[in-house]
Amino acid sequence: MSADRSSSAAGSVPQWDLSSVYPGLESTEFAGDLSRLAEVIESARAIVADEHLRTTEPTTWLHRVIAEINAAADLQETLESYCYSSYSVDTGDEAAIAALNRVAEVGVPMASKVVEFRDALANLKPRLDELIAGDPHLQGYEFVLQEELHFQKRQLTAAEETLAADLSRSGADAWSRLQETISSTLNEPWETDGEQVRKTVVELRALAFNRDRTVRRRAWEKELAAWQRVETPLAFAINGVKGTTHTLNSRRRWESTLDRSLRQNRLSRRALDALISTMRESLPIFRRYLSAKAHALNLPKLSFYDIFAPVGEDTTSWTYDSAMEFISERISGFDPEQAEFIRRAQREQWIDARPRSGKVGGAYCIDFPAVGESRILANFGGTYDGMSTLAHELGHAWHSHQLRDLPAMQRHYPMTLAETASIFSETLVFYSALESASGDNEIYILEQFLQGSTQVIVDILSRFIFERELMERRAQGEVSAGDLKEMMLSAQKETYGEALNAEELHPYMWAVKGHYYRPELAFYNFPYAFGQLFGLGLYDQYSHAPKGFAQRYRRLLRETGRKDAVSVTAEAGFDIETPEFWRGAMGRIEALVERFVTAVEA
């Protein structure tokens with residue numbers, strides 16, 4: 001799918017160009033790789049099943065299995081990314097949906113091959129340490145192989161895992177696509193200057209940034225009315241996803257879905273407890289910020305639709321091109337190589353930033369390992385926040401760029417560490433902008449950062465509380481739309497507290513956030529808080545000792561797929577299993593809150 005190259009004109013908002021990956025969904029190149037994926041998976045099956053080779057030449061067997069798994073993973077990720085990228089900019093594209101299903105169908109046998117590999121690896125466990133110690137190549141896979149042994153204790157039989165993967169296509173994955181399709185097309189009538197139009201819920205949510213409170217409130221009311229119309233199918237969808245997740249995790253002998261999420265995120269329970277306790281402890285800091293924002297808006301108290309209301313004045317006129325130039329210039333002071341990478345992403349049209357009907361909301365970065373490239377989806381609206389979001393996603397792409405030459409099994413990092421580069425990139429841009437800001441512009445930039453931090457700490461905590469309760473209740477039976485709304489409101493009241501009007505919250509955030517509908521990624525929320533505070537911790541370190549930091553930072557990013565979160569962060573000098581680290585990072589936010597309070601109350 002080739003982008004319209006005229007969109008790269010100055011001041012315009014581009015669509016991306018995927019032609020360097022495949023010419024199209026119907027191309028011979030796409031079909032060829034799909035066939036090759038099936039062949040590689042079959043080859044992996046044959047090698048995994050070769051008991052004679054495993055017994056007589058275990059090192060050779062490990063080398064060959066690892067090579068086939070890496071090849072299959074790269075092919076499958078590239079194919080899936082291409083299909084999803086095509087689908088997410090046009091959720092009504094039937095060809096993209098069909099292609100997603102084809103790739104999923106071809107990849108189904110891989111689930112059983114992974115199970116068989118883990119079982120075979122378990123047979124080598126008595127000799128594994130010796131084999132790794134005697135082979136430099138295997139030493140690069142030591143952490144991953146030990147992790148596979150842990151997951152081997154938490155898996156079904158090969159036949160059951162294949163069945164689970166096959167059923168997922170018409171079960172949990174289908175429920176997930178339903179939520180995406182509904183949320184990208186759901187709309188309400190809207191009158192502007194006497195003209196009747198229809199706005200999608202994505203567009204309505206964007207009006208939360210409007211300066212006119214009447215507009216914000218009307219958009220919030222329209223959005224809630226839209227979600228109410230589809231609450232029943234979405235309640236069925238979230239029940240379907242979470243029910244599947246609970247059933248499979250129980251049968252795989254996980255203590256809980258959260259327990260599995262911790263392992264997926266390579267995070268210890270002690271580190272999570274330290275993080276969550278610090279988030280709870282910090283709530284008064286954010287409530288102080290929200291109260292100051294209410295004061296700045298001449299309101300007795302904020303309502304949910306005021307959270308994103310602008311305060312201060314953005315004196316910069318943000319076009320897409322000026323936003324990209326700002327990001328690359330600010331990053332160049334930290335790392336010229338990263339700045340040149342950003343310019344390449346713009347030059348080669350890796351970014352789809354134009355909002356339009358049928359396109360999913362939000363933003364993401366997606367990788368195509370077969371060609372060593374990434375793509376970024378955003379919905380750029382000409383705001384400082386839109387610029388900051390681009391910086392965030394470009395940080396993800398830079399992270400992937402650092403890993404592009406590593407094999408798949410050493411490249412896949414957990415969600416906790418996935419936000420490291422994005423938050424650090426976003427923070428660099430923020431502090432650079434703040435240095436030259438004054439007056440209303442200083443207030444605006446401060447508020448944008450604190451607004452985002454509130455989402456990542458306070459709102460994420462509400463989502464964590466909600467999902468934990470949802471998983472507990474779903475284990476007992478289906479949860480109604482009414483109960484889902486009450487649970488979400490309860491979580492919001494617990495976290496936002498007296499800073500928000502309790503009568504005007506958002507009971508449908510469980511419908512809005514697609515993360516809840518990702519069957520393989522339950523508790524997708526707390527890694528964002530982890531990333532925010534770890535990124536701030538890294539920035540603090542950089543600000544005190546900038547010399548050589550860019551090189552150390554790149555080395556840290558390269559290790560994110562080969563170690564657990566505690567070990568990676570320890571290399572940066574942090575102990576994330578203690579509240580002291582998290583409190584230290586939170587201290588930067590608290591200092592910014594005090595600066596904001598002083599500025600708006602002056």
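## A tour of selected sites in a predicted model

Asn 123 belongs to helix H4, which covers residues 94-123. The model is a predicted one. Asn 123 has a relative accessible area of 54%; the cut-off for exposed is over 50%, so this residue counts as exposed.

Val 230 sits elsewhere in the chain. Its place is the loop between helix H11 (213-229) and helix H12 (231-251). Val 230 has 13% relative accessibility, and buried means under 20%, so Val 230 is buried. Setting aside residues up to four places away in sequence, Val 230 touches Ile 182 and Leu 186. Leu 75 is 155 residues from Val 230 in sequence and 37 Å from it in space, C-alpha to C-alpha.

The two C-alpha distances are set out here.

| Pair | Separation in sequence | C-alpha to C-alpha distance |
|---|---|---|
| Val 230 and Leu 75 | 155 residues | 37 Å |

Next comes strand E5. Strand E5 spans residues 373-377, and five of its five residues are buried, so the rest of the structure largely encloses it. Both faces are covered. One side carries Glu 373, Arg 375 and Leu 377; the other carries Ser 374 and Ile 376.

E5 has pairing partners. Strand E3 (residues 351-352) runs parallel to E5 and is joined to it by two bridges. Here Ile 351 stands opposite Ile 376. Strand E4 (residues 364-368) pairs with E5 in the antiparallel sense, over five bridges. Tyr 364 has Leu 377 of E5 as its bridge partner. E4 and E5 make a hairpin, with four residues between them. In the turn, Gly 372 has a positive phi of about 65 degrees.

Helix H18 covers residues 384-403. H18 is mostly covered, with 18 of its 20 residues buried. At 1.5 Å a residue, H18 should span 28 Å; its end C-alpha atoms are 29 Å apart, which agrees.

H7 gives the most, with four residues. By type, the lining has five nonpolar, three polar and six charged residues.

Definitions and conventions: Residues numbered from 1 in each chain as written. Predicted model: local features only at pLDDT ≥ 70, side-chain atom pairs only at ≥ 80, totals over all residues. Heavy atoms only, no water. Buried < 20%, exposed > 50% of the residue type's maximum accessible area, 1.4 Å probe, protein only. Nonpolar A, V, L, I, M, F, W, Y, C, P; charged D, E, K, R; others polar. Expected span 1.5 Å × (residues − 1). Contact = heavy atoms within 4.5 Å. Pairing = 2+ DSSP bridges.
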